[in-house]
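Reader: Could you walk me through this one? I'd like to go over the strands before we get to the helices.

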Amino acid sequence: MVTSAARANAIPVSEYTLAAVLMAGKRAHRFAAAYRGSPGVWEPWRDAVPDPSNYRRTVGIVGLSNVGRRVAALLRSFDVTVLAADPHASAAGAAAVGASLVDLETLLRRSDIVTLHAPQLPETRHLLDRRRLAMLRDGATVINTARGGLVDTAALTDECAAGRLDAILDVTDPEPLPAGSPLYTLPNVVLTPHIAGALGSETYRLVDAALDELARFAEGRAPCTRSAATTCPRSPEGARPGGRAPSPQFTVGPVRTDVLTSGEVVSVVRT
């Protein structure tokens, strides 16, 4: 049996993305960079950052994947308009998570913040190329927690260096960036080293997902990853790390589960 914990990993990625969207709206990275460069002084730079607000922003989600759908649903709690572009999504499916489905170029022209959640395929390489980046509004922010190859790095670097666009990048192409990349030092760019996915205690959720799939297999049920549901049933609260109880005991003896996370295999043995 082969299953995937992609849905479980989508949770921390969507949480990271939500935080990035809200910080981008408040221009927090620009304020932080200016503050570091002007210790002890707030004026005049504090009032020079344009429109630091999340009220009535438009957020464009490129790709209604596991992560994209979660991000859209999380944004329902805020006073923002959510657009989505995905050639495989329906208007009804987008509306179900609080988004309006539009084509990619409309999304780029209308959005204050664009967050990428598309798969990296030959046809999506440099999905945001120089021509499409030029469609973004002045002052827009590009957030990428998906795959670095979705963005033309050279083109984005030029836009950010000119001060026209901001960027929050958890993934880049190449990864890591060369030591001399201007993206490391630009005040309107935030770089993190591919940390949006499960790390630390978040990996317990991946283990739980793997163990629950084994329980479904032992009970003769189809893997949850083959289900059309966006979430899978959970075991009762209780004994597992993070407050979850183990899935039902197996009658087939000890079971070893190998969970691949952040490049390392974590083995869990349950009797």
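Author: Gladly, and keep in mind that this is a predicted model. One place to begin is Ala84, whose bridge partner in strand 3 is Leu101.

Reader: How many bridges join strand 2 to strand 3, and do they run parallel or antiparallel?

Author: Strand 2, residues 80-85, is joined to strand 3 by two bridges, and the two strands run parallel.

Reader: And what's the strand order in the sheet?

Author: The sheet is open and is formed by seven strands, which follow the order 3-2-1-4-5-6-7 with parallel pairing. Strand 3 (100-101) and strand 7 (189-191) are the edge strands, each of them pairing on one side only.

Reader: Which strands does helix 7 lie across?

Author: Helix 7, which covers residues 153-161, lies across strand 5 (141-144), strand 6 (166-169) and strand 7, and it runs at about 130 degrees to strand 6.

Reader: Switching to helix packing: at what angle do helix 1 and helix 3 cross?

Author: The axes of helix 1 (residues 6-25) and helix 3 (residues 66-74) cross at roughly 45 degrees and come within 8 Å. Because of that angle, helix 1 counts as oblique to helix 3.

Reader: Is that crossing left-handed or right-handed, and which residues make the contact?

Author: The crossing of helix 1 and helix 3 is right-handed. On the helix 1 side the contact residues include Ala6, Ala10, Ile11, Val13 and Leu18, while those of helix 3 include Val67, Arg70, Val71 and Leu74.

Reader: How do the residues of that contact divide into nonpolar, polar and charged?

Author: In the contact of helix 1 with helix 3, eight residues are nonpolar, three are polar and three are charged.

Key
Residues numbered from 1 in each chain as written. Predicted model: local features only at pLDDT ≥ 70, side-chain atom pairs only at ≥ 80, totals over all residues. Heavy atoms only, no water. Pairing = 2+ DSSP bridges. Helix = DSSP H or I, 4+ residues; strand = E, 2+ residues; numbered from the N terminus. Contact = heavy atoms within 4.5 Å. Axes fitted to C-alpha atoms, helices over the stretch in contact; angles between N-to-C directions. Parallel < 35°, antiparallel > 145°, perpendicular 65-115°, else oblique. Left-handed = near helix turned anticlockwise from the far one by under 90°. Nonpolar A, V, L, I, M, F, W, Y, C, P; charged D, E, K, R; others polar.
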